[in-house]
Amino acid sequence: MKPTRFIQVQRLNHAVLYVSDIERAASFYERVFGFERIAAHGPMVFLRAKGSQNHHELGLLGLGPQAKPAPQGTTGLYHLAWQVGSIQELADAREILVQENALEGESDHGATKSLYGVDPDGNEFEVMVLLPREEWGVYENQAPILPLQWDKELRR
């Protein structure tokens with residue numbers, strides 16, 4: 001049955017992550033994504049993406065060195081997805097993630113091309129580029145997990 005009322009979401013505004021070392025985590029996101037630290041309050045740091053009109057994209061809540069990562073296979077957040085503007089920007093992001101030893105994988109999902117990485121606390125994130133809708137073709141209603149063919153994509 002279709003709902004008669006629902007919350008009409010426009011977009012994801014921000015995410016908040018638990019981290020063990022607030023400074024290590026904030027520095028990682030500043031280095032890798034160029035986020036700007038815009039506020040800190042108690043055990044929290046708030047970060048904004050360059051050029052964003054948003055107050056913040058990411059909040060970090062420091063739990064301290066005793067915090068343990070959630071075991072794999074438990075419920076909770078799987079990953080965040082950060083969108084970039086082009087396949088070249090995605091290739092540049094790949095270089096940064098490799099330098100940071102943070103790259104975990106890469107996939108072609110048809111309508112999107114994606115990299116997967118982890119922050120120092122093991123929180124997974126995706127960096128992705130969304131193709132123009134007119135290029136989705138058969139992937140309009142599919143989300144395959146295919147190898148990302150960089151040569152083909154960079155020639156596109």
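I take a salt bridge to be a side-chain nitrogen of Lys or Arg within 4 Å of a carboxyl oxygen of Asp or Glu. The model I examined is predicted.

**Entry 1: Arg37 and Glu30**

I looked up the pair Arg37 and Glu30 and found their side chains joined in a salt bridge, with N to O at 3.0 Å. This distance meets the criterion because the cut-off is 4 Å. I then checked the accessibility of both partners. Arg37 has a relative accessibility of 28% and is therefore partly exposed. Glu30, at 25%, is likewise classed as partly exposed.

**Entry 2: Glu106 and Arg94**

I next examined the salt bridge between Glu106 and Arg94, whose closest N and O atoms lie 2.7 Å apart. Glu106 belongs to strand S6 (residues 103-108) and Arg94 to helix H2 (residues 87-99), so this pair ties together parts that are twelve residues apart in sequence. I recorded a relative accessible area of 26% for Glu106, which makes this residue partly exposed. Arg94 is partly exposed as well, at 30% relative accessibility.

**Entry 3: Arg133 and Glu140**

I noted a further salt bridge between Arg133 and Glu140, with 2.5 Å between the closest N and O atoms. Here I asked of Arg133: exposed or buried? Arg133 is exposed, since its relative accessible area is 54% and the class begins over 50%. Glu140 is partly exposed, with a relative accessible area of 35%.

**Entry 4: The search as a whole**

I recorded that salt bridges with shared partners connect Glu23, Glu30 and Arg37 in one network. I also searched the whole structure, and the search returned eight salt bridges.

**Entry 5: The sheet**

I turned to the strands and found four of them in an open sheet, ordered S1-S4-S3-S2, with mixed pairing. Which strands stand at the edges? They are S1 (15-19) and S2 (36-41); each has a single partner strand, so one side of each lacks a neighbour in the sheet. From one strand to the next, I noted an average twist of 20°.

I then followed the pairing of S2 with strand S3 (residues 44-48): the two run antiparallel and are joined by five bridges. For Glu36, I identified Arg48 as the bridge partner in S3.

**Entry 6: Helix H1**

Finally, I checked where helix H1 (residues 22-33) is placed. H1 lies across S1, S2, S3 and strand S4 (58-62). I recorded an angle of about 160° between H1 and S4.

Key
Residues are numbered from 1 along each chain as its sequence is written. This is a predicted model: local features need pLDDT of at least 70, side-chain atom pairs count only at pLDDT 80 or more; totals for chains, interfaces and linings use all residues. Side-chain values use heavy atoms; hydrogens and water are left out. Two strands pair if DSSP finds at least two bridges between them. Helices (H or I, at least four residues) and strands (E, at least two) are DSSP runs, numbered from the N terminus. Axes are lines fitted to C-alpha atoms, for helices over the stretch in contact, and angles run from 0 to 180 degrees between N-to-C directions. Contact means heavy atoms within 4.5 Å. Buried means under 20% relative accessible area, exposed over 50%, partly exposed in between (1.4 Å probe, protein chains only).
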